[in-house]
There are 2 protein chains.
Amino acid sequence: MSEFRQDPLSRRWVIVGCDGRAVRPNEFVEATTRHSDLPCPFCAGNEDQTPPAVATHSANGSGHWTVRVVRNKYPALTTEQPPCPTCQPLETNPAQGQATGFGCHEVIIESPRHVASLSELTDLEVETTFRAYRDRIRELKAEGRYQYVQIFKNVGAAAGASLEHVHSQLIALPGVPEVLRQELAASDDYFREHRRPLLPDLIAKEEAEQSRVVAQTANFIAFCPYASRFPYEVWLAPRRHQPRYEDVQTGELGELSRLAREIVGCMERAVGPTAYTAFLHTLPFDMPAYDHYHWHIEIFPRLTKVAGFEWGTGCFINPFLPETAAAHLRTSLSPSS
Amino acid sequence: MSEFRQDPLSRRWVIVGCDGRAVRPNEFVEATTRHSDLPCPFCAGNEDQTPPAVATHSANGSGHWTVRVVRNKYPALTTEQPPCPTCQPLETNPAQGQATGFGCHEVIIESPRHVASLSELTDLEVETTFRAYRDRIRELKAEGRYQYVQIFKNVGAAAGASLEHVHSQLIALPGVPEVLRQELAASDDYFREHRRPLLPDLIAKEEAEQSRVVAQTANFIAFCPYASRFPYEVWLAPRRHQPRYEDVQTGELGELSRLAREIVGCMERAVGPTAYTAFLHTLPFDMPAYDHYHWHIEIFPRLTKVAGFEWGTGCFINPFLPETAAAHLRTSLSPSS
């Protein structure tokens with residue numbers, strides 16, 4: 001028996017728990033193979049195959065880089081064209097529905113070694129990656145010409161990755177994108193009514209209830225959201241209210257990054273090797289009135305295909321209850337956590 | 001050089017024309033093969049492998065069926081649980097964010113023959129399919145307990161199809177889904193300002209400009225929308241204003257269905273055999289105040305993967321300009337059209 005559930009933050013509806021669908025026959029067999037004869041431009045020693053580094057983190061004291069941030073060789077947006085002063089890209093009701101492709105598109109190479117998943121990073125690499133995210137957001141914010149930086153991660157061909165070597169991307173945008181706008185509106189409505197931020201209240205409820213919690217540390221929580229769009233979707237967030245990712249304390253980056261790595265690892269142990277998507281949502285720049293927003297990371301393995309119903313309606317069909325997913329993920333945590 | 005474009009109907013933003021990305025290296029090779037030893041439950045002779053037919057169209061006078069509509073064996077929603085009187089699924093701000101999984105989920109089997117694509121249907125089969133859509137919408141509307149019927153089509157594993165045999169699906173919903181809600185709001189804003197319906201005005205502009213038009217018949221048009229999310233995305237719509245698909249005249253079904261088949265066929269000739277998604281958008285039931293809405297069909301091949309940026313922002317990256325796609329599709333039309 002399925003049910004409709006609404007996510008309070010995005011206001012998205014999902015249909016969850018139509019269990020028969022989880023085991024329905026599938027006559028297609030998919031195979032993804034790496035075309036290994038292409039040299040990897042992200043491996044140590046091939047630095048001349050990428051555009052020059054925007055930032056290099058040499059965290060191990062050896063002089064070799066741990067994490068490199070480079071411009072995307074095939075950028076979706078560039079600073080070659082200036083932003084037009086009169087057009088407002090990404091606004092709901094702009095004066096005109098067109099704008100120059102002004103923005104910035106970078107790649108965060110998370111290790112000099114040719115590994116594919118966040119779960120394969122060392123302590124030092126994963127922490128340096130999460131610091132690199134923070135530092136690039138701070139630097140791009142300081143440039144004063146962007147309104148939002150979207151950090152995201154595509155792992156595996158099914159998730160849209162074109163290269164296997166472990167990496168994330170960021171796109172700095174001249175406006176606030178729609179999905180953020182919806183979350184900000186829902187957060188604002190909640191704050192006006194309750195005088196408390198929405199997502200921290202949700203997190204407190206999840207902590208009290210425990211059924212959807214996957215793991216907790218002193219300062220962070222990982223849980224399967226009530227209205228998960230996808231099987232094994234997990235959100236990662238600070239337990240105390242914090243609007244902006246760029247305000248994460250250096251002392252907390254190790255704890256956060258190790259939890260993120262652990263979540264990806266237990267997802268991979270639970271469902272097998274899988275493509276996955278991850279992205280950060282944080283308060284856009286210059287929006288102090290929305291300080292009730294709460295940054296978080298959304299991660300989901302690409303097990304189901306987004307099909308015509310989802311595209312036509314915006315409502316997702318998730319055969320798998322998040323309570324079931326969380327229980328399975330908890331049993332897949334590594335013994336040390 | 002890319003640019004931002006906004007779709008006037010959905011208000012979605014896209015980044016189009018980042019040409020380098022169209023040819024960026026991809027080290028993954030994907031293969032999809034049909035697992036042919038499973039018997040096909042949709043083929044003629046295997047009718048006992050599906051739930052009983054809801055409707056059977058025997059259009060060729062032979063007594064054999066041309067198109068069969070059956071309940072989905074693995075339904076996302078059912079009528080087993082009644083709708084709860086107090087909860088409003090799919091509303092933006094409902095009193096509660098949960099509702100029973102009340103609805104109806106059916107499969108439209110479009111041919112007794114084991115073919116995979118709309119482009120392989122006969123004249124009779126494709127016209128009967130489009131009549132079956134119309135008749136089921138009318139019948140489900142008459143039941144008085146649904147607010148919207150989403151008709152959609154997943155072809156190929158990459159588009160979410162689990163069975164190869166040519167079919168569409170419908171899900172009757174107890175509320176109006178978000179994507180429709182957004183289109184209705186944009187249509188309404190436009191109508192209040194201009195006293196004319198939005199999409200017919202856009203279509204008139206496309207007809208005047210021609211650069212994005214793929215094909216036109218006496219009553220229908222196929223064009224690549226200005227802010228296409230995906231390469232080779234095509235919209236099909238009546239040229240004269242018509243809010244509801246269920247009001248299509250029987251005499252126009254042949255013209256419409258042959259144009260739809262031609263568009264899918266020329267898409268397949270242009271890009272090669274491909275998975276694709278299609279869905280219908282039509283005015284929800286009991287919304288006469290929105291009679292300015294205009295029904296249409298959206299079709300897109302699954303050539304690009306939806307990745308972290310799109311999930312995080314709601315803004316799509318389309319490397320391919322719709323003007324380029326339309327020109328290519330026009331050269332791929334069959335000689336007779």
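Two strands count as paired here if DSSP finds at least two bridges between them, and strands themselves are DSSP runs (E, at least two residues) numbered from the N terminus. The model is a predicted one, so to speak: local features need pLDDT of at least 70, side-chain atom pairs count only at pLDDT 80 or more, and totals for chains, interfaces and linings use all residues. Residues are numbered from 1 along each chain as its sequence is written, with chains lettered from A and ligands numbered from 1 in the order in which they are written.

By that pairing rule, A:Ile15 sits opposite A:Ile317 in β15(A). The strands involved, β2 (residues 13–16) of chain A and β15(A), run parallel and share three bridges. Both belong to an open, four-stranded sheet with mixed pairing, ordered β15(A)-β2(A)-β1(A)-β6(B). At its edges lie β15 (316–318) of chain A and β6 (98–100) of chain B, each pairing on one side only.

Now for strand β8 (residues 148–155) of chain A. Eight of its eight residues are buried (20 or more other C-beta atoms within 10 Å of a residue's own, with C-beta atoms placed from the backbone), so β8(A) is largely enclosed by the rest of the structure. A:Tyr148, A:Gln150, A:Phe152 and A:Asn154 point one way, while A:Val149, A:Ile151, A:Lys153 and A:Val155 point the other. In a regular strand, side chains do alternate between the two faces of the sheet. β8(A) runs antiparallel to β9 (residues 167–173) of chain A, joined by five bridges, and A:Val149 faces A:Ala172 there. Four bridges also link β8(A) with β13 (residues 276–281) of chain A, again antiparallel, and A:Asn154 has A:Thr277 as its bridge partner in β13(A).

Terms used. A residue is buried if 20 or more other C-beta atoms lie within 10 Å of its own, exposed if 12 or fewer, and partly exposed in between; C-beta atoms are placed from the backbone.
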